[in-house]
Amino acid sequence: MPLSRAEIATPSGERLMKRLCNHWSQTFDVEQSGQEARIAFATGTCLMRADAETLAVAIETLEEAHLDELEGVVEHHLVRMAGDEELVIVWEN
């Protein structure tokens, strides 16, 4: 299963994760518990874990072709949710 991960340095990880989950809860199956979340897209899954200094994001897909697409979607929405905070997101797969 193709997998991509990013460790994003941010003191706002939990807030970003909650905003993203709220945003997507009307469209996708979203589970959130404390500092962890899971978003099920049609083509894969996004797992997030927040702590005081980072937001860890993992994307898992069934097909390699969907990995880049989901990275872009998640990154775009995280940057949008961050507002003025500049996020550096480097995907590793």
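In E5, which residue is the bridge partner of methionine 48? Please go on from that pair to the sheet around it.

Reply: The bridge partner of methionine 48 in E5 is valine 57. Before going further, please keep in mind that this is a predicted model, in which local features need pLDDT of at least 70 and side-chain atom pairs count only at pLDDT 80 or more, while totals for chains, interfaces and linings use all residues. Residues are numbered from 1 along each chain as its sequence is written, and side-chain values use heavy atoms, with hydrogens and water left out.

The pair belongs to strand E4 (residues 44–50) and strand E5 (residues 54–61), which are joined in the antiparallel sense by seven bridges; strands are said to pair if DSSP finds at least two bridges between them. The names come from DSSP runs numbered from the N terminus, with helices (H or I) needing at least four residues and strands (E) at least two.

E4 also runs antiparallel to E3, to which five bridges join it, and in this pairing glutamate 36 stands opposite arginine 49 in E4. E3 and E4 make a hairpin with three residues between them. On to the next pairing: strand E2 (residues 29–33) and strand E3 (residues 36–40) are antiparallel and share five bridges, with aspartate 29 having alanine 40 in E3 as its bridge partner. The E2 and E3 hairpin has two residues between its strands, and glycine 34 there takes a positive phi near 60 degrees.

Taken together, these strands belong to an open sheet of five, ordered E1-E5-E4-E3-E2 with antiparallel pairing. Its edges are strand E1 (3–9) and E2, each of which pairs on one side only. On average, neighbouring strands are turned by 10 degrees against each other, direction ignored; axes here are lines fitted to C-alpha atoms, for helices over the stretch in contact, and angles between N-to-C directions run from 0 to 180 degrees.

Two helices lie across this sheet. H1 lies across E2, E3, E4 and E5 and runs at about 150 degrees to E4, whereas H2 lies across E1, E4 and E5, at about 150 degrees to E5, where contact means heavy atoms within 4.5 Å.

The axes of helix H1 (residues 13–24) and helix H2 (residues 64–82) come within 10 Å and cross at roughly 115 degrees. H1 and H2 are therefore roughly perpendicular to each other, on a scale where angles under 35 degrees count as roughly parallel, over 145 as roughly antiparallel, 65 to 115 as roughly perpendicular and the rest as oblique.

Within H1, glutamate 14 and lysine 18 lie four residues apart, about one turn of the helix. These two form a salt bridge, their closest N and O atoms being 3.4 Å apart, the rule being a side-chain nitrogen of Lys or Arg within 4 Å of a carboxyl oxygen of Asp or Glu.
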